[in-house]
Amino acid sequence: MNTTLIYQGKTKDVYKLETGNYLLKFKDDVTGENGVFDPGANTVGLQIEGVGKVNLRMSMYFFEKLKEAGIKTHFVSADLDQVTMEVLPAKVFGKGLEVICRHKAVGSFLRRYGDYVEEGADLPAYVETTFKDDDKGDPLVTKDGLVVLGVMTEAQYDAMKLMTQKVTKVVADCLLEKGLVLYDIKFEFGYDEQGDVMLIDEIASGNMRVYQNGQYVQPMTLSELFFA
């Protein structure tokens with residue numbers, strides 16, 4: 001099947017298929033700073049051999065779980081040998097929007113609000129949105145901001161927030177069965193031709209911060225523990 005490269009991302013390359021669907025090619029790069037992994041970072045911080053395949057395997061697992069739960073995603077199929085995932089076409093919000101759901105006060109949340117919260121404090125599935133803009137450091141944007149700027153409607157935002165919390169619960173529950181605790185996770189959303197919101201991108205160890213017995217678990221270790 002013929003493919004056309006249309007975008008080279010930090011952790012994946014995107015190709016268009018003849019069918020109109022898209023193909024995501026997973027890389028071994030993860031986001032972070034100064035060689036330290038950080039799912040909330042906006043630059044590639046390091047390369048971990050094999051992490052692309054590991055991320056794809058985990059994404060496949062969770063997308064199937066979400067399908068069972070009736071949550072709309074772009075997932076069609078995946079090929080672990082080629083480290084690729086076929087997805088439905090979707091438009092991104094604005095020039096790209098990231099959504100983070102937080103169960104614990106760590107990372108960039110703690111850096112911003114450390115005067116008001118203790119490290120590791122519980123957060124009630126707190127949802128925040130940032131524009132994908134490396135030059136501006138992925139600035140935070142509120143629901144009102146997204147609506148005023150014409151990025152999405154109020155209904156789309158409400159649907160996205162609810163989906164974020166539902167997906168996070170599915171992921172957190174699955175991790176907890178393995179003795180793992182989800183602190184935060186990063187998602188991307190888009191919408192179809194009817195304007196309906198859907199989860200896009202991936203659900204993988206490189207996009208979440210997970211702890212075991214109070215200790216941070218590295219992405220590759222997380223995947224090994226999860227699929228053990």
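Leaving aside neighbours within four places in sequence, Tyr183 is in contact (heavy atoms within 4.5 Å) with Cys101, Arg102, His103, Lys104, Val106, Arg209 and Tyr211. The structure is a predicted model, in which local features need pLDDT of at least 70 and side-chain atom pairs count only at pLDDT 80 or more, while totals for chains, interfaces and linings use all residues. Residues are numbered from 1 along each chain as its sequence is written, and side-chain values use heavy atoms, with hydrogens and water left out. Tyr183 lies in strand β13, where helices (H or I, at least four residues) and strands (E, at least two) are DSSP runs numbered from the N terminus. At 13% relative accessibility Tyr183 counts as buried, a term that stands for under 20% relative accessible area, with exposed meaning over 50% and partly exposed in between (1.4 Å probe, protein chains only). Tyr183 and Ala125 are separated by 58 residues in sequence, and their C-alpha atoms are 9.6 Å apart in space.

Strand β10, residues 97–104, has 7 of its 8 residues buried, so it is largely enclosed by the rest of the structure. Strands count as paired if DSSP finds at least two bridges between them. β10 and β13 run antiparallel and are joined by 5 bridges, with Ile185 of β13 as the bridge partner of Cys101. β10 is also joined to strand β11 (residues 122–131) by 7 bridges, again in an antiparallel arrangement, and here Thr129 in β11 is the bridge partner of Val99.

Gly96 is placed in the loop between β9 (91–92) and β10 and is buried, with a relative accessible area of 4%. Apart from neighbours within four places in sequence, Gly96 is in contact with Thr130, Phe131 and Lys132. Its C-alpha atom is separated by 20 Å from that of Lys27, which is 69 residues away along the chain. Asp138, found in the loop between β11 and β12 (140–141), likewise counts as buried, at 9% relative accessibility. A polar atom of the Asp138 side chain lies 2.8 Å from the backbone nitrogen of Asp133.

Glu188 is a further residue of strand β13, and it is buried, with a relative accessible area of 12%. The side chains of Glu188 and Lys132 are joined by a polar contact of 3.1 Å; such a contact is a pair of N or O atoms within 3.5 Å, of which, within protein, one must be able to donate a hydrogen and the other to accept it, and residues adjacent in sequence count only if both atoms are side-chain atoms. When neighbours within four places in sequence are left aside, the contacts of Glu188 are Leu97, Glu98, Lys132, Met198, Leu199, Ile200 and Asp201.

Glu188 and Lys132 also belong to the lining of the largest pocket, which comprises 35 residues; together with Tyr7, Val14 and Asp201, they lie nearest its centre. Elements that give two or more residues to this lining are β1 (3–8), β2 (12–17), β3 (22–26), β4 (29–33) and β13 (181–191). A pocket is, on a 1 Å grid over the protein atoms alone, an open set of points where a 1.4 Å probe fits, with protein on both sides within 12 Å along at least five of seven lines, and lining residues have an atom within 4 Å of a point. The volume of the largest pocket is about 810 Å³, a volume being the space filled by probe spheres set on the points. The lining residues divide into 14 nonpolar, 9 polar and 12 charged, where Ala, Val, Leu, Ile, Met, Phe, Trp, Tyr, Cys and Pro count as nonpolar, Asp, Glu, Lys and Arg as charged, and the others, Gly among them, as polar.
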